[in-house]
Amino acid sequence: MPAPLPQSLPVTTIAEAIAAALRADIAAGQIPPGQKLRQNELASRFGVSTTPVREAIAILRHEGLVRHTPQRGATVFVPSAKEVLEQYAIRTELEALAVRHAATNFQPADAEPLQAVLDEMADCTDPNRYVELNHSFHMDLYRISNMNQLLELIENLRKSSNAYLQISATASSPSKKLDDEHAHILQACIDRDPSKADQALRQHLTASAEQIIAAFPQG
């Protein structure tokens, strides 16, 4: 349990610190999906008033990690299989378009920095860091497509998917299977084979969606 936060800090800073602590607890599974976030209990835990707690919960709601319903109040996000599949269906079409163009534009000098990210992922044991590296690999690869409007759409969709990834990070720990999928995507781009890159990307995102669904309780 963290020590109470200094009361001398601005309310916004306190709220951000509380949000960071709760975000870490959610990612680690210490606050499980579906659990209600009670403002009074959290205020007591952090030694603050309910005002910064309310702001912290608002931050997490904006990120998609927390949802609010009139019946239950603020609860940790639990995605339905339908939501995950819809999200990934949209992402797959956009990211497949990006990876095809990236493969077409790929130059030998593009390979080394992307491979360095994959090498770090292979050695990574921190699920949260792995999520960050995964995002970097995909976005760095898609930037080679030189399609800025497409990149913006993908970035926004991937950020909204972070709610799924953060909560399932512990249950879906880094694996050789994921590393192999990323390596196949990169090799297809190195080969400048858009069709092969498209297929590898689609297989990867389909497997990712299935893994996320398996990590969450379904009603």
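Leu165 counts as buried because its relative accessibility is 17%; buried means under 20% relative accessible area, with a 1.4 Å probe and protein chains only. This is a predicted model, in which local features need pLDDT of at least 70, side-chain atom pairs count only at pLDDT 80 or more, and totals for chains, interfaces and linings use all residues. Residues are numbered from 1 along each chain as its sequence is written, and side-chain values use heavy atoms, without hydrogens and water.

Leu165 sits in helix H7, residues 148–168. Helices are DSSP runs of H or I with at least four residues, strands are E runs of at least two, and both are numbered from the N terminus. Leaving aside residues up to four places away in sequence, Leu165 touches Tyr88, Val131 and Ile212. Contact means heavy atoms within 4.5 Å. The C-alpha atom of Leu165 is 9.9 Å from that of Ala209, 44 residues apart along the chain.

Next, a helix pair. The axes of H4 (residues 81–105) and H9 (residues 194–215) come within 9 Å and cross at roughly 160°. Axes are lines fitted to C-alpha atoms over the stretch in contact, and angles run from 0 to 180 degrees between N-to-C directions. H4 and H9 are therefore roughly antiparallel, a term for angles over 145 degrees. The residues of this contact, by class, are as follows.

| Class | H4–H9 contact |
|---|---|
| Nonpolar (Ala, Val, Leu, Ile, Met, Phe, Trp, Tyr, Cys, Pro) | 14 residues |
| Polar (the others, Gly among them) | 3 residues |

Strands E1 (residues 66–69) and E2 (residues 73–76) pair in the antiparallel sense over 4 bridges; pairing takes at least two DSSP bridges. Arg67 stands opposite Thr75 in E2. E1 and E2 form a hairpin, with 3 residues between them.

How values were computed: Buried < 20%, exposed > 50% of the residue type's maximum accessible area, 1.4 Å probe, protein only. Parallel < 35°, antiparallel > 145°, perpendicular 65-115°, else oblique.
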